[in-house]
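Hi,

Here is the structure I promised to send over. Have a look at it first, and then read my notes below.

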Amino acid sequence: MGNCSDRRFRFEPYALALLKEEATVLGKPMLIGPEAGPAGGFDAAAADGFGDLPGPTGIEVKSSLNGMSARWVSSLLARAAGGEFKSVLVVVEDGTPAQVQRLLPLFKKVNPQVEVAIWLPSDLEQLAERYPGVAVAFRPDYLPQAVESFARGLSDHSGQNHLDALKKAFREDSLVLFLGAGVSVTAGLPDWDTLLWRLGSQLIHLHARPDQVPVNEENLLKLLKEQTPLSPLIAARFFRESFDDFAERVRTALYEGMPKEVASPLLTELMKLCIPPQGGLGVAAVVTYNFDDLFEEELTRRGVRHKVVMSDTDSHLRNELPVYHVHGFLPRKGSLSDVHQQSLVFSEEAFHLQFIDPYAWQTVTQLNLLRDRVCLFIGFSMTDPNQRRLLEIAASKRPGARHYVVMKDHWQSAVQSAGSEDVLAYARIFRGLEEASLLKLGLQSIWVEDFDDIPLLVRSLRQVIGSMDVTPGPAGPR
């Protein structure tokens, strides 16, 4: 049983996560912070109401209702006098029933037209008992109940609500795409293992005499996979120190065997999502962890104005979609400038330098977007420690799970290969725990059965949004 006196967790993200789950189950979606757009200063908003409260409902989470906090709630109620909100829910970490009875009449005097409810931790505890899979992300004491609920395989009711939230962010020009290696791999570019193997092959061919060291590509790949350090970044450091022209070598390995015209349904759908709707931006920015220019080639082909940002000296115009290459940029054609070479974050020491510099433009850019926008992650395994660090920092500064990650349901794949009821129960449990881990980082999970489903998901998002599949004209925003 959960213990409400346990204050080792942060109350605000805990409260918002439980409230959002309750709203989702009741079919009255709740949006948090920037996800909600203009929300009158409230922490969250539920357009269709919350519980018995009529909508739209403004939701505010406070540590207490003493002094300044009570005055702040009063100011929110006064600003709601224009009719934007019909009700307000205030959730308080430290409060008493007597305090609620004293403050409710005062709040109602501020704005008699708005219905006000105040929840104490005991009210929130009822939600935690109903949704232990959400509570466990912040309250380890809910682990037994969470494991039981995961094993039962409760139905996933959140998929459509996640898409609705993303659609709203698009309409309000607040959607940011984060693109990982999985996006480029779908277009035929190498994964990390293959890229390292190609660099290793180059190294052998460069320095070894063929009559002394015959190169068997298959055996070389097997050796590198089995014997190189567990982290590919450590292996990449060795290769960086072995080549004078490292950036050029990486580019050669990256595009080796790539056809002139690349066919990738996912890249195509992502590019179409970046075509701005009439009078708006839709997608506000793209952050890519990839070195390649395949996404930019798609944007150029469709006439979408964009600007590659790969250093702190790059800037973009308002009518240009910024594409932030936070790990560097290696275009397929043209010479590589000093900026191209210096921007490459490929090996262990480069990640260390970026990690220890809190003012690195890559860090500042990502934190600003995570704080102020709604972000959709595609092509990530979500195991990168540096990325998780940034998400955790952002979640601590602006609580509430309002970013989304598309993930292949690898747990379901394990079940299908095993064909065992026991494995099914275990898979449900560990998938639930993975969801809880991501939730604490501010991420909601959107699961797909297969990678081929991701382009369909992006397409459905674009079609429902109404983003026009046309090349924007000269008068467009970009």
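Let's start with the surface: the accessible area of the chain comes to about 22100 Å², and 54% of that belongs to carbon and sulfur atoms. Keep in mind that this is a predicted model. The chain has 478 residues, of which 52% count as buried. As for contacts between residues with a separation of 6 or more, 77% of them come from residues 24 or more positions apart.

Now zoom in on helix α3, which runs over residues 97–110. Its 14 residues reach 20 Å from the first C-alpha to the last, close to the 20 Å expected at 1.5 Å a residue. There is still a bend in α3, of about 25° at leucine 103, and proline 105 follows within four residues. Which residues of α3 are buried? They are Gln99, Val100, Leu103, Leu104 and Phe107. The cover over them includes α2 (68–79) and β5 (115–119). A handy bit of background for looking at that list: an α-helix has 3.6 residues a turn, so residues three or four places apart point the same way.

One more spot to look at is lysine 20, in helix α1 (residues 11–25). Is lysine 20 buried or exposed? Its relative accessible area is 7%, and because buried means under 20%, lysine 20 counts as buried. Leaving aside neighbours within four places in sequence, lysine 20 is in contact with Met30, Ile32, Glu35, Ala401, Arg402, Tyr404 and Gln444.

Cheers

Notes: Residues numbered from 1 in each chain as written. Predicted model: local features only at pLDDT ≥ 70, side-chain atom pairs only at ≥ 80, totals over all residues. Heavy atoms only, no water. Helix = DSSP H or I, 4+ residues; strand = E, 2+ residues; numbered from the N terminus. Expected span 1.5 Å × (residues − 1). Bend = angle between axes of the 7 residues up to and from the residue. Buried < 20%, exposed > 50% of the residue type's maximum accessible area, 1.4 Å probe, protein only. Contact = heavy atoms within 4.5 Å. Areas by Shrake-Rupley, 256 points an atom, 1.4 Å probe, with all protein chains shown as cover.
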